[in-house]
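Welcome! Have a look at the model below, turn it around a few times, and then read on for a guided tour.

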Amino acid sequence: MEVNEMTIEHTMQNHNWHNDTIKKLKKVSLEHVLYIRDDAYQAFKIGDGWNPKAGQYLDEYYYCCQELRRRGYNPLNMR
């Protein structure tokens, strides 16, 4: 597999992760969305600056906030 093919494959897998995460959040309970949101944010804070997955954790946090808004909640006022 050449470099360009590997890059395209990685991009597609990453794109699928984002889409899959958004779809999964639509199916879980409010309590699970809140737990995932808080966990993802803590993982981002701990890993920021050294963990290459920190950005993915931040994406997951934002997707949880997006899902809370879709359900009619203000994600910043929920604990």
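Which residues of α2 are buried? They are V33, L34, R37, A40, F44 and G47.

**How confident is the prediction?**

The chain has an average pLDDT of 87, and 81% of the residues score at least 70. Confidence is highest in α2, at a mean of 97, and lowest in helix α1 (residues 3–25), at a mean of 72.

**Helix α2**

Helix α2 covers residues 30–47. With its 18 residues, α2 reaches 26 Å from its first C-alpha to its last, which is close to the 26 Å expected at 1.5 Å a residue. Just after α2 comes G49, which takes a positive phi of about 100°.

**Aromatic rings**

Searching the whole structure turns up 4 aromatic pairs. One of them is made by Y41 and F44: their ring centres are 6.4 Å apart and their planes sit at 40°, so this pair is tilted. Y41 and F44 are 3 residues apart in helix α2, so about one helical turn separates them. Here is a handy piece of background: an α-helix has 3.6 residues a turn, so residues three or four places apart point the same way.

Is Y41 buried or exposed, or something in between? Its relative accessibility is 31%, so Y41 counts as partly exposed. F44 has a relative accessibility of 16%, so F44 counts as buried.

Y61 counts as buried because its relative accessibility is 15%. Put together, Y41, F44, Y61 and Y62 form one aromatic cluster.

How many disulfides does a search of the whole structure find? The search finds 0. C64 is in no disulfide, and the nearest cysteine sulfur, that of C65, is 7.0 Å away. C65 is in no disulfide either, its nearest cysteine sulfur being that of C64 at 7.0 Å. As a reminder, a disulfide is a covalent bond between the sulfur atoms of two cysteines. C64 counts as buried, with a relative accessibility of 0%, and C65 counts as buried at 3%.

**A threonine in helix α1**

T21 is found in helix α1. A polar atom of the T21 side chain lies 2.8 Å from the backbone oxygen of W17. Leaving aside residues up to four places away in sequence, T21 touches E60 and Y63. T21 is buried, with a relative accessible area of 10%.

**Accessibility at a glance**

This table gathers the accessibility values from the tour.

| Residue | Relative accessibility | Class |
|---|---|---|
| Y41 | 31% | partly exposed |
| F44 | 16% | buried |
| Y61 | 15% | buried |
| T21 | 10% | buried |
| C65 | 3% | buried |
| C64 | 0% | buried |

Notes
Residues are numbered from 1 along each chain as its sequence is written. This is a predicted model: local features need pLDDT of at least 70, side-chain atom pairs count only at pLDDT 80 or more; totals for chains, interfaces and linings use all residues. Side-chain values use heavy atoms; hydrogens and water are left out. Rings of Phe, Tyr and Trp (its six-membered ring) pair if their centres lie within 6.5 Å; planes under 30 degrees apart count as stacked, over 60 as edge-to-face and the rest as tilted. Helices (H or I, at least four residues) and strands (E, at least two) are DSSP runs, numbered from the N terminus. Buried means under 20% relative accessible area, exposed over 50%, partly exposed in between (1.4 Å probe, protein chains only). The expected span of a helix is 1.5 Å times one less than its number of residues. A disulfide is a pair of cysteine sulfur atoms within 2.5 Å. pLDDT is the predictor's confidence in each residue, from 0 to 100. A polar contact is a pair of N or O atoms within 3.5 Å; within protein, one must be able to donate a hydrogen and the other to accept it, and residues adjacent in sequence count only if both atoms are side-chain atoms. Contact means heavy atoms within 4.5 Å.
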